[in-house]
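Biologist: I'm new to looking at protein models. Could you walk me through how to read one?

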Amino acid sequence: MKTRKLVLIIADALLLALCIVQGILKASDGAKHFDFKETPDEITITTPAETLSLTSADGENWLASGKYSVNKSTIDNFIETSSSIRALNKVATANDSSLAKYELVDGKKISVEVRKAGKVLRSFEIGKAATSSSQAYVTIDGKKDIYLASGNLRGTFDATLNSIRTKTVWDFDTSTMDSLAVTKADGTSWTLSRMGSGDDIAWNFSDSSIELDTSKAGTILNGAANLTASTWYDDSVKAADLGGQFYLSAKVGHDYKTASLEIYKIPAADENSSDKYYAVSSETPYTFEVAVYSVNKFDKTSEDLKK
């Protein structure tokens, strides 16, 4: 028998043994397990504050309310947690008194329903956390039993639209970046561009009075390849509503396309507060707050690019 085939047989045997051991341990730990294996395409989470409707057409890319992109890691956590709930023990039967005691009532509970092609895979309600935040009181699939379940269920599902939305405004491949143009509030502006690749790169810079440092130029151009929001404003909020002052605009050339950005500044109210920045972009219809480090990617002068 060939060595490779023998190794594969041994590996399969070990995997089978591991599965058997895990099954025995799971069956004998005294807990009740609520599992499903299907990949859902809908998740509805109702918290005391809001209802989140999450959907996916392909099982990979998820949207909230049919239009806001959601962090994949967040969705993976929702699915992993809901697909395997470990109820340590039953603590009560649901009635008005016990539901109130364990905060499984409107205004306090979190309700979760997970579906695939319209079929409910799991529904559960999360009450208060136990003494340890890694446990919570739950009811499952509409049944009357109230369980103490392991895991930080409340922390996982006590989510908001802003907390689960992806903060990416754009994320371009640096190899496709070819230009960056910045105009500042004082009227000064500059344009940087590059052509070619590898050792065959030609740079152009609008300020001919300086000797361009191509290393600095590459760092600044590539740094503009990605932009994130620190938070999103409500859909109804427009830049003009926030009362900021125009700070700078940028045009980013990539892959024969151009992305635009306008950043506004709200000056600090006093010495105990900080300047605040918000922006609008061609890459999203939503106004967003932007962190200082992101502003600094574009807040450059010709002096920053010279040798």
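Biologist: Where do I start?

Modeller: With confidence, since this is a predicted model. The mean pLDDT of the protein chain is 91, and 91% of its residues reach 70 or more.

Biologist: Where does pLDDT stay under 50?

Modeller: Over residues 13-28. The model has two contacts beyond four places in sequence for that stretch.

Biologist: Okay, now a helix. How do I read which way its residues point?

Modeller: An α-helix has 3.6 residues a turn, so residues three or four places apart point the same way. Now try helix H6, residues 214-223: Ala217, Gly218, Ile220 and Leu221 are buried there.

Biologist: What about the nonpolar core? Which residues touch the most other members of the largest one?

Modeller: Leu54, Leu180, Ile263 and Phe298, out of 64 residues in that core. Strand E17 (residues 245-254) gives the most to this core, with four residues. There's also a second, separate core of eight residues, with Ala94, Tyr102, Leu104 and Leu148 among them.

Biologist: Now a charged residue. Why does Lys109 count as buried?

Modeller: The cut-off is under 20% relative accessible area. Lys109 counts as buried because its relative accessibility is 18%. You'll find Lys109 in the loop between helix H3 (96-101) and strand E7 (110-116).

Biologist: What does the side chain of Lys109 make a polar contact with?

Modeller: The side chain of Glu125, at 3.0 Å. Also check how the chain folds back here: Lys109 and Thr46 are 63 residues apart along the chain, yet their C-alpha atoms are separated by 8.4 Å. Lys109 touches Arg154 as well.

Biologist: So what's the story with Arg154?

Modeller: Arg154 is in helix H4 (residues 153-157). Arg154 is buried yet has no salt bridge. The nearest side chain of opposite charge, Asp158, is 5.0 Å away, and a salt bridge needs the atoms within 4 Å.

Biologist: What does the side chain of Arg154 reach, then?

Modeller: The backbone oxygen of Ile126, at 3.3 Å. Beyond four places in sequence, contacts of Arg154 include Pro48, Lys108, Gly127 and Ala129.

Notes:
Residues numbered from 1 in each chain as written. Predicted model: local features only at pLDDT ≥ 70, side-chain atom pairs only at ≥ 80, totals over all residues. Heavy atoms only, no water. Helix = DSSP H or I, 4+ residues; strand = E, 2+ residues; numbered from the N terminus. Buried < 20%, exposed > 50% of the residue type's maximum accessible area, 1.4 Å probe, protein only. Lys, Arg positive; Asp, Glu negative; His and termini not counted. Polar contact = N/O pair within 3.5 Å; in protein donor to acceptor, adjacent residues only side chain to side chain. Contact = heavy atoms within 4.5 Å. Core = buried A, V, L, I, M, F, W, Y, C linked by side-chain atoms within 4.5 Å. pLDDT = per-residue confidence, 0-100.
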